[in-house]
Amino acid sequence: MSAEAFKWVADALVLLGLVAVTVSVVGIIRLPGILMRVHAAGQAVFVGVVIILMGAVGSGQWPLMCRALLVAVFLMLTAPMSAHAIARAAAREQGEAVAEEVDAGQ
């Protein structure tokens, strides 16, 4: 595959990641419950940002590729934990309201 094709693929990945982040932000704003909003935020980080970082890997510059891979691994390890911590704090704060919201969603 030529260098020009790699640049096109990298650009397409960045655009796809931006679309995913935009959809997630709309979800954060419009979704009704805190747990649904936390899920949308987690998707923004995991799906959107990791796809954007994959576009950076397609740039062909080794220092940028290594940094992007390290950031992607860090996000994959920490995003679920931070979403869990936020949801747990919301559950403690709101008590029964969050439990009823979870039951209603099933």
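Biologist: Which residues of α2 are buried?

Modeller: In this predicted model, the buried residues of α2 are Val38, Ala40, Gly42, Ala44, Gly48, Val50, Ile51, Leu53, Gly55 and Ala56. Buried means under 20% relative accessible area, exposed over 50%, and partly exposed in between, with a 1.4 Å probe and protein chains only. Helices are DSSP runs of H or I with at least four residues, numbered from the N terminus.

Biologist: What do the buried residues of α2 pack against?

Modeller: They pack against α1 and α3 (62-94), where contact means heavy atoms within 4.5 Å.

Biologist: And which residues of α1 are buried?

Modeller: Ala10, Leu13, Gly17, Ala20, Ser24 and Gly27. The cover over these buried residues of α1 includes α2 (34-57).

Biologist: Why does Ser24 count as buried?

Modeller: Because its relative accessibility is 9%. Ser24 lies in helix α1 and touches Ala40, Gln43 and Ala44, leaving aside residues up to four places away in sequence.

Biologist: New topic: how far does α2 reach from its first C-alpha to its last?

Modeller: α2, with 24 residues, reaches 34 Å, close to the 34 Å expected at 1.5 Å a residue. The expected span is 1.5 Å times one less than the number of residues.

Biologist: Where is confidence lowest in the chain?

Modeller: In helix α4 (residues 96-105), at a mean pLDDT of 57, whereas α1 is highest at 88. pLDDT is the predictor's confidence in each residue, from 0 to 100. Where pLDDT is low, the predicted coordinates should not be read in detail.

Biologist: Which conventions apply here?

Modeller: Local features need pLDDT of at least 70 and side-chain atom pairs count only at pLDDT 80 or more, while totals for chains, interfaces and linings use all residues. Residues are numbered from 1 along each chain as its sequence is written, and side-chain values use heavy atoms, leaving out hydrogens and water.

Key: Helix = DSSP H or I, 4+ residues; strand = E, 2+ residues; numbered from the N terminus.
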